[in-house]
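Please take the sequence and the model shown here together, and follow the chain from one local site to the whole fold and back again. The paragraphs below are meant for a first reading.

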Amino acid sequence: MLRSAASRPIRLPETAGPPSNSSDGVAAPHDPRQFWRDRFRTVRAETERRAALLSAEDQVVQSMPDASPTKWHRAHVTWFFEEFLLRRFAPAYKAFDDRFGYLFNSYYLSAGPRQARPQRGLITRPGAAEVADYRAHVDHAVTVLIDSTNDFAAIMPIIEIGLHHEQQHQELLLTDILHAFSHNATHPAYDPHWQWPKNEAEGVVASVPVTGIHRVGHDGEGFCFDNEQPAHDVLLQPVRLACALVTNGAWLEFMADGGYATPTLWLSDGYAVVEARGWNAPGYWRLIDGAWFSMTLGGLHPVDPGQPVCHVSYYEADAFARWAGRHLPSEAEWEVAARSGALADAFGKVWQWTRSAYSPYPGYRATEGALGEYNGKFMVNQMVLRGSSLATPDGHARASYRNFFYPTARWQFSGLRLAQFDD
Ligand SMILES: [Fe+2]
């Protein structure tokens with residue numbers, strides 16, 4: 001199945017879709033069962049579309065503890081429906097294989113013991129084809145449940161979060177295989193036809209001012225994760241946000257000015273990482289015969305000065321901002337500016353680091369039950385990124401979305417835009 005699918009031309013979406021508080025921009029369904037059956041099929045197919053360009057060998061590799069094998073992603077998102085939907089709402093459901101819970105549970109302590117995260121790449125069996133069978137087994141059971149349940153209102157929220165969860169893993173599938181391919185001296189292309197999405201920044205004004213009291217967080221119709229609530233008011237001091245993303249060209253100036261070798265530009269923890277890991281350029285950059293290249297989903301490409309810088313850590317983003325005499329925006333400043341429509345490339349290019357620590361909004365309560373482990377327990381020691389990236393699936397981006405990673409992380413499609421406080 002995978003082999004034949006791989007012969008079809010596969011393209012990533014050009015953009016991650018418009019910012020929206022709706023779950024997918026689709027009109028309210030007249031027939032909810034039909035709507036969710038179709039939505040389920042569409043999202044599940046996108047995972048397989050992304051995986052179809054990868055061989056069974058590609059799909060088993062785990063290049064670092066933070067990254068997971070493609071095959072594991074495909075199975076884990078399937079386990080999520082099995083564990084949180086079918087086992088609880090479909091009494092007659094027969095598991096595809098009772099041992100898979102151990103292999104494909106990620107971090108849900110309430111769902112039982114699990115394979116250690118750094119050892120996901122040791123799961124050579126089930127193979128990629130058997131994972132496809134597992135997916136088909138669960139797809140069928142979920143479809144039957146949607147058609148037959150007497151309590152559709154109870155299962156709908158689980159299907160919805162399961163699909164948004166799967167979309168998160170669709171992005172990780174790409175970031176993780178890119179990390180694996182970056183370790184291959186032949187520079188494999190995930191998609192030989194891949195290109196950067198078009199820039200929106202040409203002709204935009206330099207910056208947009210924000211100030212005053214604003215409502216942030218998710219306060220409308222449609223899906224959001226629990227970490228986007230409660231919506232609440234914030235008081236912003238006068239600040240201007242750059243309408244364009246920081247480019248590779250600007251980053252090359254930072255490098256030429258000794259940015260990576262100037263400790264005073266860096267947070268102490270950040271410079272310790274620079275020294276320990278020998279960072280002297282963004283992730284995946286290679287200096288070849290005096291010219292910079294970058295490993296991309298299309299293989300090794302020359303660094304384009306006009307494109308946004310990508311694969312930089314929070315520490316690097318923070319140091320660059322200090323070098324430029326600017327700051328990173330807070331997540332609230334970013335959200336207010338993005339909602340105004342003034343930010344070019346707010347979505348669909350690179351996630352943008354903010355200076356906000358990932359912490360609960362005032363009055364936040366984690367979702368009840370096992371799914372309460374989804375977000376809340378990670379609210380320490382990580383920084384928030386806003387927007388979305390070229391790898392974010394259509395319909396998954398919204399202005400209130402809070403992505404979060406450790407400040408050393410740079411295997412995501414992460415960049416930055418700058419902020420300047422009025423003097
Ligand atoms: Fe997950």
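Predicted model: local features only at pLDDT ≥ 70, side-chain atom pairs only at ≥ 80, totals over all residues.

**A guided reading of the model**

Leaving aside the neighbours within four places in sequence, His-76 is in contact (heavy atoms within 4.5 Å) with Phe-104, Asn-105, Ser-106, His-165 and His-169. His-76 belongs to helix H3, which covers residues 70-89, where helices (H or I, at least four residues) and strands (E, at least two) are DSSP runs, numbered from the N terminus. With a relative accessibility of 1%, His-76 counts as buried, a term that means under 20% relative accessible area, while exposed means over 50% and partly exposed lies in between (1.4 Å probe, protein chains only).

Residues are numbered from 1 along each chain as its sequence is written, and side-chain values use heavy atoms, with hydrogens and water left out.

Seen as a whole, the protein has a secondary structure of 10 helices and 10 strands. Its radius of gyration is 22 Å, close to the 22 Å that the globule rule gives for 423 residues, so the protein is as compact as a globular protein of that length; the radius is taken over C-alpha atoms, and the rule is 2.2 Å times the number of residues to the power 0.38. Along the principal axes, the C-alpha atoms fill a box of roughly 65 × 50 × 40 Å. Of the 423 residues, 55% count as buried, and among the contacts with a separation of 6 or more, 80% are accounted for by residues 24 or more positions apart.

The mean positions of the 38 positive and 47 negative charges are 4 Å apart, where Lys and Arg count as positive and Asp and Glu as negative, while His and the chain ends are not counted. Each charge is placed at NZ of Lys, CZ of Arg, CG of Asp or CD of Glu.

Helix H2, residues 32-51, contains Glu-46, and Asp-38 also lies in helix H2. Glu-46 counts as buried at 16% relative accessibility, whereas Asp-38, at 29%, counts as partly exposed. The C-alpha atoms of Glu-46 and Gln-170 are separated by 7.7 Å, although these residues are 124 residues apart along the chain. Asp-38 and Arg-402, which are 364 residues apart in sequence, are 27 Å apart in space, C-alpha to C-alpha.

A further helix to look at is H9, residues 314-323, which is mostly covered, with eight of its 10 residues buried. Among these buried residues of H9 are Tyr-314, Tyr-315 and Phe-320, and what covers the buried residues includes helix H7 (248-256), helix H8 (268-277), strand S6 (351-357) and strand S7 (383-386). Just after H9, Gly-325 takes a positive phi of about 75°.

The peptide bond from Arg-125 to Pro-126 is cis, with omega near 10°, and Pro-126 lies in the loop between helix H4 (100-104) and helix H5 (128-148). A cis peptide bond also joins Gln-229 and Pro-230, with omega about -5°, and Pro-230 sits in the loop between strand S1 (207-216) and strand S2 (232-242).

Positive phi values are found at two aspartates as well. Asp-289 has a positive phi of about 50° although it is not a glycine; Asp-289 is placed in the loop between strand S3 (285-288) and strand S4 (291-296) and is exposed, with a relative accessible area of 82%. Asp-345 has a positive phi near 55° and is found in the loop between helix H10 (331-339) and S6, but Asp-345 is buried, with a relative accessible area of 2%.
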